[in-house]
Amino acid sequence: MIEHPMITQIERTGYPADMVEQSEHFGIDYYGNEIVSGDDVVEDKEAGELILKDDLEKYLEEVYGFKFFTAE
């Protein structure tokens, strides 16, 4: 009996050969985005929230009313 190579690989190792390794899940941020190992994160200890660094300006504007602008 001839078996498909992927079936043989899975039976031998438990995983398909082309399976991509997933980053370790760390949690969910304020906006519902998944945080994975290696992401830059900011913690608002008072509110008990985690925020991805890329969303920090948005968070500060929405939650604390900060205003960001360029000085002229």
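This is a predicted model: local features need pLDDT of at least 70, side-chain atom pairs count only at pLDDT 80 or more; totals for chains, interfaces and linings use all residues.

Me: OK, in what order do the elements run from the N terminus on?
Reply: The order is α-β-β-β-β-α, so the count comes to two helices and four strands.

Me: And how many of the residues count as buried?
Reply: Of the 72 residues in the protein, 14% count as buried, and the accessible surface comes to about 6400 Å², with 51% of that belonging to carbon and sulfur atoms.

Me: Where is I51, and is it buried or exposed?
Reply: I51 is in strand β4, which covers residues 49-52, and because its relative accessible area is 1%, I51 is buried, the cut-off being under 20%.

Me: What does I51 touch, leaving out residues up to four places away in sequence?
Reply: I51 touches D29, Y30, D40, V41, V42, D44, L56 and Y59; Y30 is 21 residues away from I51 in sequence, yet their C-alpha atoms are 5.6 Å apart.

Me: Switching to D44, which strand is D44 in, and what is the nearest side chain of opposite charge?
Reply: D44 is in strand β3, residues 41-44; it is buried yet has no salt bridge, and the nearest side chain of opposite charge, K45, is 9.9 Å away.

Me: Then what does the side chain of D44 reach?
Reply: The D44 side chain reaches the backbone nitrogen of E46 at 3.3 Å, and, not counting residues up to four places away in sequence, D44 touches E49, I51, Y59 and Y64.

How values were computed. Residues are numbered from 1 along each chain as its sequence is written. Side-chain values use heavy atoms; hydrogens and water are left out. Buried means under 20% relative accessible area, exposed over 50%, partly exposed in between (1.4 Å probe, protein chains only). Accessible areas come from the Shrake-Rupley method with a 1.4 Å probe; for residues, only the protein chains shown count as cover. Contact means heavy atoms within 4.5 Å. Lys and Arg count as positive and Asp and Glu as negative; His and the chain ends are not counted. A salt bridge is a side-chain nitrogen of Lys or Arg within 4 Å of a carboxyl oxygen of Asp or Glu. A polar contact is a pair of N or O atoms within 3.5 Å; within protein, one must be able to donate a hydrogen and the other to accept it, and residues adjacent in sequence count only if both atoms are side-chain atoms.
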